[in-house]
Amino acid sequence: MNANDVYGFQATSLTGSAIDLAQYRGKVLLIVNTASQCMFTSQYKALEETYRQLNDEGLEVLGFPCDQFGNQEPGNEEEIGDFCERNYGVTFPLFAKIDVNGEHAAPLFKYLKHAAPGLLGSEMIKWNFTKFLLRKDGTVYKRYAPQTNPQSLRNDINKLLAE
């Protein structure tokens, strides 16, 4: 695995399949830790809109449900998928529930946090809907706070799509 990009990582889909992130090589990626019962849950709508508007141009949005913040993602994978589809029409890939902090943190998120630390250099993710924007080469471009609306990332996304 190349520790300099995300292409060596695997993730588990909501249906339990292993997904090699190498399949997204050459795409701009927006990776988000999500939750169904969070004050930012409505961002699913903006994430889906951004995905639909820019997917044909090379953007992939990848959602990783996480229950580490206030038990805001209590459902199982089937419930998470149903909720996202029913309430927000989510069609972008969602993955199995993971930890983003602590000793059981998913290796992908360990990499993302190290590559793009947060405020004051902290590698901890503070809340749901922290976003990581990645270049086409699989390296991290920037980290965005949970309260940052996905639509406000359009200039950065367009810049990376044009590279």
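## Ground rules

Contact here means heavy atoms within 4.5 Å. This is a predicted model, where local features need pLDDT of at least 70, side-chain atom pairs count only at pLDDT 80 or more, and totals for chains, interfaces and linings use all residues. Residues are numbered from 1 along each chain as its sequence is written, and side-chain values use heavy atoms, with hydrogens and water left out.

## The sheet

Let's start with the strands (DSSP runs of E, at least two residues, numbered from the N terminus, as are helices, H or I, at least four residues). Four of them form an open sheet in the order 4-3-5-6 with mixed pairing, a pair requiring at least two DSSP bridges. Strand 4 (59-65) and strand 6 (140-144) are at the edges with a single partner strand each, so one side of each has no neighbour in the sheet.

Strand 3 (residues 28-34) pairs with strand 5 (residues 131-134) in the antiparallel sense over four bridges. There, Leu30 stands opposite Leu133.

## Helices across the sheet

Helix 1 (residues 43-54) lies across strands 3, 4 and 5, at about 155° to strand 4. Angles run from 0 to 180 degrees between N-to-C directions of axes fitted to C-alpha atoms, for helices over the stretch in contact. Helix 3 (residues 107-115) lies across strands 3, 4, 5 and 6, at about 110° to strand 3.

What does Leu112 touch, not counting residues up to four places away in sequence? Its contacts are Val6, Ile31, Phe132, Leu134 and Val140.
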